[in-house]
Amino acid sequence: MSQKTNQEWWPNQLSLDTLDQNARDVGPYDDDFDYAEAFQSLDLDAVKADLEELMTSSQDWWPADYGHYGPLFIRMAWHSAGTYRTADGRGGADGGRQRLAPLNSWPDNANLDKARRLLLPIKQKYGRALSWADLMILAGNVAIESMGFKTFGFGGGREDAFEPDDSAYWGPESEMDTQERFDEPGEIEPGLGASVMGLIYVNPEGPDGNPDPELSAKNIRQTFDRMAMNDKETAALIAGGHTFGKVHGADDPDEHLGAEPEAAPIEAQGLGWENDYGTGKGGDTITSGIEGPWTGSPTEWDMGYLDNLLEYEWAAKKGPGGAWQWTPTDESLQGSAPDAHDPDESVTPMMLTTDVALKRDPDYREIIEEFQENPMEFGMNFAKAWYKLTHRDMGPPSRLLGPEVPDEEMIWQDPIPEVDHGLIGDAETDELKTEILDTDLTRQQLVKTAWASASTYRDSDKRGGANGARVRLDPQRDWDVNEPEQLDAVLDTLEEIQTEFNASRTDDVRVSLADLIVLGGNAAVEQAAADAGYDVTVPFDPGRTDASQEQTDVGAFEALKPRVDGFRNYLGDGVDHQPEELLVDKADLLDLTATETTALVGGMRTLGATYENTDRGVLTDTPGTLTNDFFVNLLDMGTEWRPVAEGADVYEGIDRGTGEVEWEATRLDLIFGSHSRLRAIAEVYGSEGEDETFVQDFVDAWAKVMRLDRFDLE
């Protein structure tokens, strides 16, 4: 008998599950395990040799098309990485979550369970030194190379997850292969990448199964853009990927395929999509329901895909699997491709609606015609786009491991200059903190500037953070949440201090603005704690450098702009979620636990570090002093909270005795008194004798956020 969870009893309850994931490690390895160290011990050439051998070692239980598993492994790697979306940085290959629900059972991942089983002996051979996440991408690279193409490079360092990512919102649909995510025709719900639940990108038959190339092109452009690809990269990926292999639709999947892995019977041991058509494998394989190869040489890198697409006309028809696909109208292509499993047979190439879309859309067509005329350009664009696809969620190149990491640094990797000077020590740190505190800058200004700089970090794709001081550059400098006018004043003052300090040195010691911004926030926190009677030192590690505007992809950084920042009590316009849900989402991206989130919000409020210095949530008579007043006053039963208007997110705290309004707060404040788990933490911080506990927890959480992007310290 199953028992309802709290979430099932109260479906509108704010879930903290995603923050709980940040508080624990559910994997089988001990705390001392260092994956980077283990990976560096690998003989990568030996791993690749094993993969190369596997490519052409066809197994009877799942025979290889054309005797080569390369196309299958390319699809596996693509679908592992292709879930990435720029909106929140979630998805992607890191974590190897294609092994876990729901991704392992998405319709678009049908039969990729077999690809991973084929790789299992190699995973077992190399064990913990080679994560599934790295292995799936490496297998894709080796597959491409084994069929005659030179990849741009490979960087290891992806660690395996052992539970699904509960923070990833994949869409509003309650069933797979459906689409309720369009605000209007062709406009996918903000934040989502794919156009259909359970697909990586778009429906290959066309929007909603309609074989309309023009509409398909619109969906392609939108969904690939949301996954960080421009038109040229998109065209290169589609054309390059479809140069290899075939699609599988020997018959109708609805009639012959069994349940996906998560719904399959226990004896299937994690395999799904059992096929009762013919042998259920080889030439009888059913995956998408579309059938056929794109070219006459499906296991070789050549220009066959572009030549076929551009030089022949194609007509839509239903294939043997009952799905829309395109067949050549020219008889010369009939029977021009080999059968995948019978060497005595031949078949006719096909195209998908999404392929014909590249030919019908004027901008895409211009690109693929250019590729056809310049094969070297096509190859280079595919190589770089494939590298971006498979490494986009890995963060800066300093995190990439192994001998095949390219020397070239890409703009999408958010490059930061290397340290080329001596670093400040304790004496210089103390001197600079004193100088900062002697200016006219307030504690609130210093704290908010440091937070604005550091809190852009996203643990999902390791982007953002204080390193680089991009808060002084477009687009971050003009974000409304950062209060541009106040931010300019702070940055101008800090830049003066930086200039004077660096000019005064007779040695090579210098301070970056990135370090100075963090140092200013730390100094303000220390001073605020001292006023509350606590002598604390916020940990500080110099070594940040300052990125240039040329090193900053303005469009890509817009995705980091917060719609809501609960830590600064900022509520942006046009927010369609409860603010507290977005507070939890941001806390998750900052890799915070529920306790760290609670401490940070309470501390930011008593510091008065709120958007536009609003009094909302500043539940203290001594703003700027690091006390536990936020919790004491929030939990005070002498206060009754009432909304200022029906449906509003702002509330008044009314003294039960006098009837006077004592405080004003938002949902982002009251959630710490209404949510049972958050209240349990708040009650600790609001108790007698626990104020010092709160101060230390705030300092620890603050220092953690300031260091999140310091991968050089790991």
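Mentor: Let us begin with a term. A polar contact is a pair of N or O atoms within 3.5 Å; within protein, one of the two must be able to donate a hydrogen and the other to accept it. Please keep in mind that this is a predicted model.

Trainee: With which side chain does the side chain of Asp361 make a polar contact?

Mentor: Begin with the position of Asp361, which is in the loop between helix H12 (353–360) and helix H13 (362–373). Leaving aside neighbours within four places in sequence, Asp361 is in contact with Ala217 and Arg221. A polar contact of 2.9 Å links the side chain of Asp361 to the side chain of Arg221.

Trainee: Does Asp361 count as buried or exposed?

Mentor: The cut-off is needed here: a residue is buried under 20% relative accessible area and exposed over 50%. Asp361 has a relative accessibility of 13%, so Asp361 counts as buried.

Trainee: Which side chain is joined to that of Asn109 by a polar contact of 3.0 Å?

Mentor: Asn109 is located in the loop between H5 and helix H6 (112–126), and counts as buried at 2% relative accessibility. Not counting residues up to four places away in sequence, Asn109 touches Arg75, His79, Gln98, Leu103, Ile200 and Trp273. The polar contact of 3.0 Å joins the side chain of Asn109 to that of His79.

Trainee: What is the relative accessible area of Ser80?

Mentor: Ser80 belongs to helix H5 (residues 70–81). Apart from neighbours within four places in sequence, Ser80 is in contact with Gly92, Ala93, Gln98 and Met136. Ser80 is buried, and its relative accessible area is 4%.

Trainee: How far apart are the C-alpha atoms of Ala133 and Tyr534?

Mentor: Ala133 is part of helix H7 (residues 132–146), and is buried with a relative accessible area of 0%. Its contacts, not counting residues up to four places away in sequence, include Ala93, Asp94 and Arg158. Along the chain, Ala133 and Tyr534 are 401 residues apart, and their C-alpha atoms are separated by 45 Å.

Trainee: Let us turn to the chain as a whole. What is its radius of gyration?

Mentor: The chain has 25 helices and 13 strands. For 714 residues the globule rule gives 27 Å, and the chain comes close to this value, so it is as compact as a globular protein of that length. The radius of gyration is 28 Å.

Trainee: What percentage of the residues of the chain count as buried?

Mentor: The same cut-off of under 20% relative accessible area applies. The count is taken over the 714 residues of the chain, and the buried part is 56%.

Trainee: How far apart do the centres of the positive and negative sets of side chains lie?

Mentor: The chain has 58 positive and 143 negative side chains.

Note on methods:
Residues numbered from 1 in each chain as written. Predicted model: local features only at pLDDT ≥ 70, side-chain atom pairs only at ≥ 80, totals over all residues. Heavy atoms only, no water. Helix = DSSP H or I, 4+ residues; strand = E, 2+ residues; numbered from the N terminus. Rg over C-alpha atoms; globule rule 2.2 N^0.38 Å. Buried < 20%, exposed > 50% of the residue type's maximum accessible area, 1.4 Å probe, protein only. Lys, Arg positive; Asp, Glu negative; His and termini not counted. Charge placed at Lys NZ, Arg CZ, Asp CG, Glu CD. Contact = heavy atoms within 4.5 Å.
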